[in-house]
Amino acid sequence: MKVFGPVPSRRLGYSLGVDTIPFKTCTLDCLYCQLGPTTAKTIQRKEYVPTAGILNDLEEKLKEGGRIDWITLSGSGEPTLHSGIVEIIKGIKNLTEIPVAVLTNGTLLADPAVRDGLAEADLVVPSLDAGCVETFLRVNRPHQGITFEGFINGLVEFSRVFRGRVWLEVMLLAGINDGSEELGLMAPIIRRIGPELVQLNTVERPPASSEALALGEDDLNRAGRILKGLLQGIPVDVIGEFKGNKREALKSDVSELIIDYLGRRPATLEDLSATLGLHKNEIIKYLGQLTRSGKVERIAEKGKQYYVILRG
Ligand code: SF4
């Protein structure tokens, strides 16, 4: 399925996801990736998934109705690797007035074709997790064709010409990029980019690497205060848990919805309950069946129980 959700997102309310890329096809292999290790690390842009198919799926999904606050290009990898991104965004704009967001790691913004391709989006949320090349290599493990300098220059140039909104996401990992020295290196870069907002985040779901440790609430708030002091007026938002209302499930086949959701990210019982608009007791029955049939597994991570898909 190229279109998924709507799922409650901590950042965008009820977000209908559009997946333009095969699973874990990405320019980076971030330590914290909740989708697991990158299986296809590439900078090759092409029509990975037929553009017409994506737009057909979206048209069908929109006919189902229900609350959708944003249509979000994100999903299983780096969405700007899709060479038809401009046609996809234009196609969405022809179908609906719901605003379009693009969640991107930002590494391809050095390419003018990618910057042009995103021009009609309403919101672009790129990431910056490092203030220097060493941390960039350690945290984001980029494709060898990507340089830190090129990445930063692309971000700066994109923000300069883009007429929509830019929110910058910074993912902090305990003991790796959350110190005042690293934050001090990031701050001038962020000021050059000049986003409308900085969103400070930390790992919550099981990440790709056990090296990626979450910051506690106090440490995240401390980092937020440091960055705010350095950013001279750019707002810093420390992201909290999603607190949206439950919604009606849009499909009757709950098992299929659970599989679909877990195929994209690990989730707690609470996540699934909020996403599907069903009581936890109801969800747990389906999870029991899926666990017994070997499709899903429960794992413990930092005191929380997550459900993950068993692949292969
Ligand atoms: S977190 Fe995003 S950018 Fe990083 S490896 Fe995962 S999909 Fe790619």
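**Ligand shell, domains and helix packing**

In this predicted model, the shell around the ligand divides into five nonpolar, three polar and two charged residues. Its members are Cys26, Leu28, Asp29, Cys30, Cys33, Leu35, Thr38, Gly77, Glu78 and Asn105.

The protein chain is divided into two parts: domain 1 spans 3–238 and domain 2 spans 254–309. Their C-alpha centres lie 25 Å apart. Contact between them involves 10 residues of domain 1 and 11 residues of domain 2. On the side of domain 1 that touches domain 2, six residues are nonpolar, three polar and one charged.

Helix 5 covers residues 148–161 and packs against helix 6 at an angle of about 35 degrees. The axes of helix 5 and helix 6 are 8 Å apart. Helix 5 contributes Ile152, Leu155, Val156 and Ser159 to this contact. These residues meet Ile189, Arg192 and Ile193 in helix 6. By class, the contact of helix 5 with helix 6 has five nonpolar residues, one polar and one charged.

Helix 6 (residues 180–193) also packs against helix 7 (residues 217–231). Their axes come within 9 Å and cross at roughly 40 degrees. Helix 6 is therefore oblique to helix 7, as angles under 35 degrees would count as roughly parallel. The crossing of helix 6 and helix 7 is right-handed. From helix 6, the contact draws on Ser180, Leu183, Gly184, Ala187, Ile190 and Arg191. Their partners in helix 7 are Ala223, Ile226, Leu227, Leu230 and Leu231. The contact of helix 6 with helix 7 divides into eight nonpolar, two polar and one charged residues.

A further helix pair involves helix 8 (residues 254–262) and helix 9 (residues 269–276). These two pack at an angle of about 120 degrees, with their axes 11 Å apart. Helix 8 is thus oblique to helix 9, because the roughly perpendicular range ends at 115 degrees and the roughly antiparallel one lies over 145. Helix 8 and helix 9 form a right-handed crossing. Val254, Leu257, Ile258 and Tyr261 represent helix 8 in the contact. On the helix 9 side, Leu272, Thr275 and Leu276 take part. Six residues of the contact of helix 8 with helix 9 are nonpolar, one is polar and none is charged.

Terms used. Residues numbered from 1 in each chain as written. Predicted model: local features only at pLDDT ≥ 70, side-chain atom pairs only at ≥ 80, totals over all residues. Axes fitted to C-alpha atoms, helices over the stretch in contact; angles between N-to-C directions. Helix = DSSP H or I, 4+ residues; strand = E, 2+ residues; numbered from the N terminus. Parallel < 35°, antiparallel > 145°, perpendicular 65-115°, else oblique. Left-handed = near helix turned anticlockwise from the far one by under 90°. Contact = placed C-beta atoms within 7 Å. Nonpolar A, V, L, I, M, F, W, Y, C, P; charged D, E, K, R; others polar. Near = placed C-beta within 6 Å. Domains from an automatic or database assignment.
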